[in-house]
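Here are my notes for your read-through. Please keep the sequence and the structure open beside them.

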Amino acid sequence: MPYQEAGAQSGACKTFPRRPHRFEKQQPVCYNIIYVSRYLFNDTNAAASGWAAQKEEPSVTLQTLIPIIIAVVAVVVIVIVFVVRRRPKRERVNKGGTPVVSTAKAGRVAAGFAKSSGFRCISPASIRGKNGTAQLEAVVVGPFGVLGVKALGYYGNVYGSKKEKEWVNVTTLGTRTLFPNPIAEAAADVRILRDALAEKNIKVVPVEVICVFTASEVQLGLPRDTGHFTMKSYKAYLDKEKFLEEKNFNVDAAFEALQDAQEP
């Protein structure tokens with residue numbers, strides 16, 4: 001069957017010869033163009049309407065933001081903690097400019113020991129005697145006698161011996177400090193405590209003063225026979241059976257004598 005021009009008189013458009021499928025009817029070119037245009041136009045409208053819907057309903061909501069915010073805050077906190085720990089520590093010094101840490105925990109241990117054992121305790125203690133004043137973190141009085149606790153807050157490295165007049169403290173930041181031999185000072189404190197007891201006619205009382213290093217980061221380069229204590233060995237020392245012994249003296253009178261010698 002021959003191909004004819006479609007709408008030649010009306011001036012619409014005309015067909016081009018092609019071999020149609022046996023089950024397909026011939027369609028004019030103008031119809032195909034209109035069909036394709038409508039398809040593209042409708043697809044563009046669909047895409048535009050989908051974009052508008054996506055814009056109206058944002059995919060990021062408050063519920064999705066909360067875990068992200070929490071994670072960011074956690075990371076910031078971890079970084080701050082890391083930076084603070086890496087920052088060099090400042091020297092902690094006492095009134096005399098010597099680097100030290102707090103020694104109060106030695107007094108708290110002595111007070112707890114006295115309370116649990118039924119002993120008497122003065123903490124802190126500043127006992128006057130004939131030849132000076134004994135500055136101690138605590139003085140415990142019980143049937144065993146009198147125990148004075150001389151606490152030292154040095155940290156870093158400590159070097160010395162019984163016979164040396166001065167010991168050396170080298171802190172973690174390199175500060176080098178000389179300080180009096182605490183073992184010799186403890187022996188002097190024993191004499192002061194005995195003088196305070198003798199003022200009240202109390203003479204036959206065992207008196208001991210021990211030196212305790214309270215800093216956990218201290219490294220002690222001292223001979224074993226020096227007689228010093230760390231907080232760990234100090235607590236173990238208080239558990240010894242010697243503190244269960246009873247000596248023949250008036251505990252209350254001894255405590256009152258030391259309390260009367262306490263500086264205000």
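1. In β11, which residue is the bridge partner of V212? It is F229. Keep in mind that this is a predicted model. The bridge belongs to a parallel pairing: strand β9 (residues 207-213) and β11 are joined over three bridges.

2. The sheet around that pairing is open and has five strands. Its order is β1-β4-β5-β9-β11, and the pairing is mixed. β1 (120-122) and β11 (228-230) each have a single partner strand, so one side of each lacks a neighbour in the sheet. From one strand to the next, the twist averages 25 degrees. Helix α3 packs on this sheet. There, α3 touches β1, β4 (138-142) and β5 (145-152). The direction of α3 makes about 15 degrees with that of β4.

3. Now the aromatic pairs, eight in total. Take F113 and F243. Why is this pair edge-to-face? Edge-to-face requires planes over 60 degrees apart. The planes of F113 and F243 stand at 75 degrees, with the ring centres 5.5 Å apart, so the pair qualifies. The two residues are 130 apart in the chain. F113 sits in helix α3 (residues 104-117), while F243 lies in the loop between α5 (231-237) and α6 (251-260).

4. Are F113 and F243 buried or exposed? The cut-off for buried is under 20% relative accessible area. F113 has 11% and therefore counts as buried. F243 is at 4%, so F243 is buried too. K242 lies over the face of F243, at 5.6 Å from the ring centre. Both rings belong to one aromatic cluster, formed by F113, F119, F144, F229, Y237 and F243.

5. W167 is in strand β7 (residues 166-170) and F179 in strand β8 (residues 176-180), 12 residues apart. W167 is buried, at 0% relative accessible area. F179 is also buried, at 3%.

6. β7 and β8 belong to an open sheet of four strands, in the order β8-β7-β6-β10. Its pairing is mixed. Which strands are at the edges? They are β8 and β10 (218-221), and each pairs on one side only. Neighbouring strands here are turned by 25 degrees against each other on average, direction ignored. Strand β6 (residues 156-159) runs antiparallel to β7, and three bridges join them. Y159 stands opposite V168 in β7.

7. Next, the nonpolar cores. The largest has 38 residues. V141, V146, V158, L193, L197, F213 and L258 touch the most other members. Two or more residues come from each of β2 (125-129), β3 (132-136), β4, β5, α4 (182-198), β9 and α6. α4 gives the largest share, seven residues.

8. F213 deserves a separate look. Neighbours within four places in sequence aside, its contacts include L152, Y154, V158 and W167. F229 is among them as well. A second, separate core has 19 residues, including A106, F113, L147 and A151. F113 is therefore a buried residue at 11%, a member of that second core and part of the aromatic cluster.

Note on methods. Residues numbered from 1 in each chain as written. Predicted model: local features only at pLDDT ≥ 70, side-chain atom pairs only at ≥ 80, totals over all residues. Heavy atoms only, no water. Phe/Tyr/Trp six-rings, centres within 6.5 Å; stacked < 30°, edge-to-face > 60°. Buried < 20%, exposed > 50% of the residue type's maximum accessible area, 1.4 Å probe, protein only. Lys NZ or Arg CZ within 6 Å of the ring centre and 35° of its normal. Pairing = 2+ DSSP bridges. Axes fitted to C-alpha atoms, helices over the stretch in contact; angles between N-to-C directions. Contact = heavy atoms within 4.5 Å. Core = buried A, V, L, I, M, F, W, Y, C linked by side-chain atoms within 4.5 Å.
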